Amino acid sequence: MSDDKARDRGPVGLLRIALAVVGTIFVIGIYPLTKLWPSGWAWGPDTSHYLAMIIGFYATLGVFLLLATRDPLANRSLIWFTVVSSVVHAAIMAVQALSDAGERGHLLGDVPALLIVAAVLAVLQRRAETPRSVAAGTR
């Protein structure tokens, strides 16, 4: 089996799938989520300028995550940026949701969603970065 096909079935392949799913959700999923479950996904009033800004940011990040599916290992910094920025964003939102009773729905919506994204990408990126010999326990 060629190295490319082996990588597609192993950790790199799983990372590609995760990047495609997260990228697609970031590009086309955030806005519908804010309409379907506003208390868990949309911050502030309906006319908030924040919503357009955050959708623009995540759609842009999503496009780059989709591009990263071509060669995830060449896009490590983008993937780690997504991991770390998702944790930071979730932490800030959690503090804000805990301090504002009107925003508590986010503790069940976008806060855990970003933590899940961060955890999945971090685990898969680590596995993809680990050489096969180390992963198999050989030297």
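This is a predicted model: local features need pLDDT of at least 70, side-chain atom pairs count only at pLDDT 80 or more; totals for chains, interfaces and linings use all residues.
Me: How are helix H5 and helix H6 oriented to each other, roughly parallel or roughly antiparallel?
Reply: Two packed helices are described by the angle between their axes and the distance between the axes. For H5 (residues 76-99) and H6 (residues 110-129), the axes are 8 Å apart and the angle is about 155 degrees. Angles over 145 degrees count as roughly antiparallel. H5 and H6 are therefore roughly antiparallel.

Me: Is the crossing of H5 and H6 left-handed or right-handed?
Reply: H5 and H6 pack with their axes 8 Å apart. The handedness of their crossing is left-handed.

Me: How many residues in the contact of H5 with H6 are nonpolar?
Reply: H5 contributes residues including Trp-80, Val-83 and His-89, while H6 contributes residues including Leu-114, Leu-121 and Arg-126. Within this contact of H5 with H6, four residues are polar, four are charged and the nonpolar ones number 14.

Me: What is the volume of the largest pocket?
Reply: Rolling a probe the size of a water molecule over the atoms shows where empty space is left. For the largest pocket, the volume is about 310 Å³.

Me: Which helix gives the most to the lining of the largest pocket?
Reply: The lining of the largest pocket has 22 residues, and among those nearest its centre are Phe-26, Trp-41 and Leu-114. H2 (11-36), H4 (49-68), H5 and H6 each supply at least two lining residues. With seven residues, the helix that gives the most is H2.

Me: How many residues in the lining of the largest pocket are nonpolar?
Reply: The lining of the largest pocket comprises 22 residues. By class, one is charged, two are polar and the nonpolar residues number 19.

Terms used
Residues are numbered from 1 along each chain as its sequence is written. Side-chain values use heavy atoms; hydrogens and water are left out. Axes are lines fitted to C-alpha atoms, for helices over the stretch in contact, and angles run from 0 to 180 degrees between N-to-C directions. Helices (H or I, at least four residues) and strands (E, at least two) are DSSP runs, numbered from the N terminus. Angles under 35 degrees count as roughly parallel, over 145 as roughly antiparallel, 65 to 115 as roughly perpendicular and the rest as oblique. A crossing is left-handed if the near helix is turned anticlockwise from the far one by less than a right angle, and right-handed if clockwise. Contact means heavy atoms within 4.5 Å. Ala, Val, Leu, Ile, Met, Phe, Trp, Tyr, Cys and Pro count as nonpolar, Asp, Glu, Lys and Arg as charged, and the others, Gly among them, as polar. On a 1 Å grid over the protein atoms alone, a cavity is a set of points where a 1.4 Å probe fits but cannot get out, and a pocket is an open set with protein on both sides within 12 Å along at least five of seven lines; lining residues have an atom within 4 Å of a point. Grid points are joined across faces, edges and corners, and a volume is the space filled by probe spheres set on the points.
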